[in-house]
Amino acid sequence: MGALDALVAGGLLMLPILGCSLVATAIIIERLWSLRASRIAPSGLSTQVCELIHKGQVNLNWLENHSPLGSILAAGLRNVRLGHEQVRARLQEAATAVIHDMERFLSPLGTIASITPLIGLLGTVVGMIKVFAVIVAAHGVERTADLAGGISQALVTTAAGLTVAIPALIFHRYFQRRVEELTVRMEEQASQVVDYLAHHQGELTLAERHEAQERPLARGKRA
């Protein structure tokens, strides 16, 4: 039985299953691309930031646009003069926003993994109802095609629902684990920067603050 034959045999309930399949595929591809460690939390970024702090060359604009981890570190560094507790609080707030973004679309994927077997089960029930309706008919024995059609719908929808649900469930669990791993990785690198700040001696120089100070001076010279 081909894909088109299976779609026809399954009846109208194959349409929502097909729709769920397309949405799940799009989510899986998008999350595989978005949840790359090199994009979210590049290795060695915390070490690079600590070196820039030591040299007094921290550019918060560059750091914020570097990666989600960079945006977290930039949020903490912007409040470094308010004390280490404030730095940790800002890091936590920024990390919460990044984690929320990493978990995007995981809830719909989990929903698809849950409802597609139920849609398939509904198709099974509808197909069996048709079978029994044919059996109790006056000439049920002669209506072999109708019996076969009802049984086919019952089996095809169940198989289609499970075919969509199983990969969706596997990838949903995988992405949840991936988010947890990336969260731990970001926490480790953020802690490294916070520990370095705690032992850093001298004034912390931020590049964007220098730019903000240079603009009024430039205007005064023009005047």
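What does the protein average in pLDDT, and what percentage of the residues score at least 70?

**Entry 1: confidence.** I began with pLDDT, the predictor's confidence in each residue, from 0 to 100, and found that the protein averages 82, with 76% of the residues scoring at least 70. I noted that this is a predicted model, in which local features need pLDDT of at least 70 and side-chain atom pairs count only at pLDDT 80 or more, while totals for chains, interfaces and linings use all residues. I also noted that residues are numbered from 1 along each chain as its sequence is written, and that side-chain values use heavy atoms, with hydrogens and water left out.

Entry 2: I took helices as DSSP runs of H or I with at least four residues, numbered from the N terminus. Over residues 209-223 pLDDT stays under 50, and the model has five contacts (heavy atoms within 4.5 Å) for them beyond four places in sequence. Where pLDDT is low, the predicted coordinates should not be read in detail.

**Entry 3: helix 6.** Which residues does Leu-73 touch, not counting those up to four places away in sequence? I listed Leu-45, Val-49, Leu-63, Leu-91, Ala-190 and Val-193. Leu-73 is one of the buried residues of helix 6, and because nine of the ten residues of this helix are buried, it is largely enclosed by the rest of the structure.

**Entry 4: helix 7.** Which residues of helix 7 are buried? I found Val-87, Leu-91, Ala-94, Ala-95, Val-98 and Met-102; they cover an arc of only 110° around the axis (taken from the directions from the helix axis to the C-beta atoms), which puts them on the same side of helix 7. The face turned away from that buried side carries the exposed residues Glu-85, Gln-92 and His-100.

Definitions and conventions. Buried < 20%, exposed > 50% of the residue type's maximum accessible area, 1.4 Å probe, protein only. Helix = DSSP H or I, 4+ residues; strand = E, 2+ residues; numbered from the N terminus.
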